[in-house]
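Come along and look with me.

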Amino acid sequence: NVFLTGVTGFVGRLQLGVMVSRLPKGCKIWCLVRAETETQGLSRIRNACLEAECWDPNYEKSIVCVCGDIEKPCFGLSIEKYLELCQNIDCVYHTAANVNLFNAYTRLRKTNVLSLEAIVKLCTTNTLKPLHFVSTLGQFPA
């Protein structure tokens, strides 16, 4: 089971398609998405992928929507949901970021820096989990 942040972003939505096609059959991709319900979350993911022309309806079989917020402690999840996530995840792909370079550091800090605390906590709770940190800026060399 894989945990993916930033699934509705520029890199994350493409990464989802690659994961679905390359991970073993039956593997679940737990996608953190800002939404009130799993239905809304799946809709946000679907719309982001449709916009990028990379949606396949078969993706739904692999997606587990985790309704939360990268900027909140424990992703804004209840303790029970957070512990369930910690127990079920084997690997983390942290793609979420605020990439508006015109923002002041104070606006970028919560998403781009402080969110790593919750990510590292997830990776070290119950069992150690590999962390793959993705930087959107690395996609566009100067």
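I began with a rule: a salt bridge is a side-chain nitrogen of Lys or Arg within 4 Å of a carboxyl oxygen of Asp or Glu. The model is predicted, so I kept local features to pLDDT of at least 70 and side-chain atom pairs to pLDDT 80 or more, while totals for chains, interfaces and linings use all residues. I numbered residues from 1 along each chain as its sequence is written, and side-chain values use heavy atoms, with hydrogens and water left out.

**Entry 1: salt bridges.** I found two salt bridges by this rule.

Arginine 13 pairs with glutamate 51, and their closest N and O atoms are 3.7 Å apart. I took helices (H or I, at least four residues) and strands (E, at least two) as DSSP runs, numbered from the N terminus.

Arginine 46 forms a salt bridge with glutamate 60, with the closest N and O atoms 3.4 Å apart. Here arginine 46 is in helix 2 and glutamate 60 in the loop between helix 2 and strand 3 (63-67), 14 residues apart.

**Entry 2: accessibility.** Buried or exposed: which is arginine 13? I read 12% relative accessibility for arginine 13, which counts as buried (under 20% relative accessible area; exposed is over 50%, partly exposed in between; 1.4 Å probe, protein chains only). Glutamate 51 is exposed at 63%. Arginine 46 is partly exposed at 24%, and glutamate 60 is partly exposed at 33%.
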